Amino acid sequence: MMKRVLKTGMILLAAAALLSGCSGRSGKEETTSAEPAQVLYPVAIDGKEILVGETTVQTLLDQGMNVTVSEMTEDKQINQYEIDPEAELEPNAYYTGGSIWVTDSIFAHISLVTDEKAIRMGDAVIARLEFSLVSGEESELKRITFNGVPASEMSREKAGEMFPDFTGDDYMWLQKGEDYEYFMSFDPTDLMLSSFSLEKEYDVDWSSEE
């Protein structure tokens with residue numbers, strides 16, 4: 001039987017430092033000056049949609065996606081297992097260490113979240129999704145879309161047109177809102193998308209230990 005290998009409170013927020021310059025929300029504001037609701041942008045793999053904060057692990061499995069979890073052994077080796085949807089997860093917890101595989105070289109890191117009750121892993125919601133695309137061929141990148149646009153076609157110029165409310169520079173484009181964080185980075189040689197992440201905000205006690 002597979003051991004529980006997703007550890008709580010260990011997410012790597014690589015984009016956090018880049019997002020730290022974004023403005024926070026004020027205390028009390030007039031209704032007329034309130035910011036519009038933040039949009040949830042979909043990601044799709046081979047046409048199968050993933051909504052961060054809504055899609056469950058079981059949905060991915062039912063769609064035939066290859067989902068795994070990883071753990072580090074005492075001798076610093078990484079062991080990878082097929083995910084066990086029946087494994088029980090603790091309530092009010094955040095888990096990392098999952099992956100969705102598109103090809104042997106292209107995959108997304110995923111994090112999971114639970115609510116007030118202990119649940120099976122299959123019922124856990126995808127809380128964060130992060131793709132690294134640097135090793136992908138064009139034919140592979142076409143299989144991944146962000147807001148309907150294939151990753152193979154997502155240039156820095158295109159991202160600016162699609163997401164004019166994001167901020168950044170020539171090499172990164174990002175948005176940090178009350179509900180979601182989006183981050184996109186671009187290859188300095190051709191300014192094509194090299195990685196991107198989506199995250200739903202949750203009230204998580206990062207100081208807690210398992």
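This briefing covers strand pairing and aromatic contacts in the structure above.

The model is predicted: local features require pLDDT of at least 70, side-chain atom pairs count only at pLDDT 80 or more, and totals for chains, interfaces and linings use all residues. Residues are numbered from 1 along each chain as its sequence is written, and side-chain values use heavy atoms, with hydrogens and water left out.

**The open sheet**

- An open sheet is formed by 4 strands in the order β3-β2-β11-β12, with antiparallel pairing; strands are DSSP runs (E, at least two residues) numbered from the N terminus, and two of them pair if DSSP finds at least two bridges between them.
- The edge positions belong to β3 (48–50) and β12 (149–150), each of which has a single partner strand, so one side of each lacks a neighbour in the sheet.
- Strand β2 (residues 43–45) runs antiparallel to β3 and is joined to β3 by 3 bridges; here A44 stands opposite E49 in β3.

**Strand β7 and its partners**

- Of the 8 residues of strand β7 (residues 94–101), 6 are buried, so β7 is largely enclosed by the rest of the structure; buried means under 20% relative accessible area, with a 1.4 Å probe and protein chains only.
- Strand β4 (residues 66–72) pairs with β7 in the antiparallel sense over 4 bridges, and V67 stands opposite I100 in β7.
- Strand β8 (residues 107–113) also pairs with β7 in the antiparallel sense, over 6 bridges, with S99 opposite H109 in β8.
- β7 and β8 form a hairpin with 5 residues between them.

**Aromatic contacts**

- The whole structure contains 12 aromatic pairs, where rings of Phe, Tyr and Trp (its six-membered ring) pair if their centres lie within 6.5 Å, and planes under 30 degrees apart count as stacked, over 60 as edge-to-face and the rest as tilted.
- F146 and F196 form a stacked pair, 5.1 Å centre to centre with 15 degrees between the planes.
- Because F146 lies in strand β11 (residues 144–146) and F196 in strand β16 (residues 193–200), the pair ties together parts that are 50 residues apart in sequence.
- F146 and F196 are both buried.
- The rings of F163 and F166 are stacked, because their centres are 4.7 Å apart and their planes at 15 degrees.
- F163 counts as buried at 0% relative accessibility, and F166 counts as buried at 3%.
- Ring pairs link Y41, F131, F146, F163, F166, Y180, Y182 and F196 into a cluster.

**Charge over a ring**

- R156 lies over the face of W173, at 3.8 Å from the ring centre; the criterion is NZ of Lys or CZ of Arg within 6 Å of the ring centre and within 35 degrees of the ring normal.

Notes: Buried < 20%, exposed > 50% of the residue type's maximum accessible area, 1.4 Å probe, protein only.
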